[in-house]
Amino acid sequence: MLALLGPNGAGKTTTVEICEGFLDADAGEIRVLGTDPAGAPEALRARIGVMPQGGGAYPGVHAGEMLRLVAACAAHPLDPAWLLTVLGLDSAARTPYKRLSGGQQQRLALACAVVGRPELVFLDEPTAGMDPQGRRLVWELIEALRRDGVAVLLTTHLMEEAEALADDVVIVDHGKVVAHGSPMALTSGGQQRELRFRAKPGMDLDGLAASLPADYRAAETKSGRYLVQGRIDPSVLSTITAWCAQQGALADDVQVARRSLEDVFLELTGKELRQ
Amino acid sequence: MTSDHGTRFDPGTFTPDAGAGRPLRMLAAQSGVEMRLALRNGEQVLLTLLIPVVLLVGLTLLGIVPLPEPRVATVAPGVLALAVMSTAFTGQAIALGFDRRYGVIRRLAATALPRWLLVAGRLVAMLGVVVVQMVILVAIAVALGWRPAAAGIGWAVLLVLLGVAAFGSLGILVGGTLRADVTLAVANLVWFVLLLAGGIVIPVGQLPGAIGAVAQYLPSGALAEGLRTALATGTGPGLTPVLVLVGWTVVAGGIAVRAVRLR
């Protein structure tokens, strides 16, 4: 289970499409299940499942018809009716594809990707546009795929998704790999720690900065919400609470955050908005 | 992952057991879906059945266009040609244009479906719709008094098949290369022009000189005139219509093979 992370335009979809054989690589050597995917040979396509970004179905087709069609292309498919039911698409079974909600279209696309019992599944942003329930369901399915020995390549913007599901994470930007490792390894590197808490708004931060070591930073991120960046140890924590007490405030909802995958991601790919 | 639905996916559910389906089953599944879609899409049915039926009945019963008696003998072959053009060209181009926009061609190209089946499935679906059209239109024409020459029916079937090939290649070329909304406009415009000036409603011989000369080399004129000759006289339509239809198929198909994009 590998997650490919990267900002918009980083080359995630391009990478996946090269692996699926829809695009030819400009350089380098690609092997998918030991085969060169260029030109998408049938023998390879029979072994992989693909969930393209934005789904893919006839505009007027019913969900059940589409899934049965994709199932017919495989030798030993899962039961399409069962798959529709577990993915919550029964109520949409007679609705034309173009009238399905974004989440329903995504779930149908996911069903099409797994119905043929593939060895390897490419999921390009599988939870984009899904509500939290839909996302849970998809995560559960991906977890089941992994359990049953299906290799999964997932692209996502959601750090939470990559952290929860992936054995390995590859962060790409401008078409290059900028980091590679397990979520644990990627997030445990680096010294940065942070502490967040709530208190009354508008407290004097200069006093706090003066009582903390020089490389620490303190800020009020929103009214009444504070962020201290630096190595958080017991003495720093007591300095902060003492400062709050001086101001007659109680530090509430105190959270010491481990560096998240999102922090790693933003550090590596920058914070400016991508097109 | 913890979940309230721990039993939703039993262990082993997704254990890989990959492989390609049987080609005939894939063909049947794809063409079955596409044929059903064509027959339940209101705009497609308007184009492929309602308009041909209205023209068949209207042109036979009303003397808007001067035609030799019995009028139905001239009208019916033209309407059969129109039905082929509507399904294989306009209907196919529009369907393919929107199928590409909705990513279905990509979706199918990512399954084990061989590339030749991707095209064959569409052709079989087209032929299926054309069979439905022919049955309905011929039944109505016969009810209106049409008595086609039995000896020409074999030729007519051949011409219809060649017509599906020629119009189908053109439809796939247009729908497979242009944007969906451009395809919609082009396919409908061409349909309308060929209907009036392409030898379908008005026989090639009755069109004004230059237009008539061009029309016999258009797939619409070749198919309609070929059908008129075969079904009126029971003899072969001559070489010209056959060569015209084959020529359009080869040219459009040849370009389509290179130019058609999956999305």
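## Ground rules

Because this is a predicted model, local features need pLDDT of at least 70 and side-chain atom pairs count only at pLDDT 80 or more, while totals for chains, interfaces and linings use all residues. Residues are numbered from 1 along each chain as its sequence is written, and chains are lettered from A, with ligands numbered from 1, in the order in which they are written.

Helices (H or I, at least four residues) and strands (E, at least two) are DSSP runs, numbered from the N terminus.

## The sheet in chain A

Let's start with the strands. Chain A has an open sheet of six strands, ordered E2-E3-E4-E1-E5-E6, with mixed pairing. Two strands pair if DSSP finds at least two bridges between them. At the edges sit E2 (48-51) and E6 (176-181) of chain A, each pairing on one side only. Ignoring direction, neighbouring strands are turned by 15° against each other on average. Axes here are lines fitted to C-alpha atoms (for helices, over the stretch in contact), and angles run from 0 to 180 degrees between N-to-C directions.

Strand E5 (residues 168-173) of chain A runs antiparallel to E6(A), and five bridges join them. If you want a spot to look at, A:Val170 stands opposite A:His180 in E6(A).

Helix H1 (residues 12-20) of chain A lies across E1 (2-5), E2, E3 (120-124), E4 (151-156) and E5 of chain A, and runs at about 150° to E3(A).

## A helix pair in chain A

Now for H3 (residues 63-72) and H5 (residues 102-114) of chain A: their axes come within 9 Å and cross at roughly 20°.

H3(A) brings A:Ala63, A:Met66, A:Leu67 and A:Val70 to the contact, and H5(A) brings A:Leu108, A:Ala111 and A:Cys112. Residues are in contact if their C-beta atoms, placed from the backbone, lie within 7 Å. By class, that gives seven nonpolar, no polar and no charged residues. Nonpolar covers Ala, Val, Leu, Ile, Met, Phe, Trp, Tyr, Cys and Pro; charged covers Asp, Glu, Lys and Arg; the others, Gly among them, are polar.

## Chain B

Chain B has ten helices and zero strands. Its C-alpha atoms fill a box of roughly 80 × 40 × 30 Å along the principal axes. Of its 263 residues, 50% count as buried (20 or more other C-beta atoms within 10 Å of a residue's own; 12 or fewer is exposed, in between is partly exposed, with C-beta atoms placed from the backbone).

One helix pair here is H6 (residues 153-177) with H10 (residues 239-259) of chain B, whose axes come within 8 Å and cross at roughly 30°. That makes H6(B) roughly parallel to H10(B), and the crossing is left-handed. The contact includes B:Leu159 and B:Leu162 of H6(B) and B:Trp248 of H10(B); its residues divide into 16 nonpolar, six polar and no charged.

## Where the chains meet

The contact takes 43 residues from chain A and 35 residues from chain B. On the chain B side, H1 (23-40), H3 (71-101) and H4 (104-109) each give two or more residues, and H1(B) has the largest share, with six residues. This side has 18 nonpolar, eleven polar and six charged residues.

Conventions:
Two residues are in contact if their C-beta atoms, placed from the backbone, lie within 7 Å. Angles under 35 degrees count as roughly parallel, over 145 as roughly antiparallel, 65 to 115 as roughly perpendicular and the rest as oblique. A crossing is left-handed if the near helix is turned anticlockwise from the far one by less than a right angle, and right-handed if clockwise.
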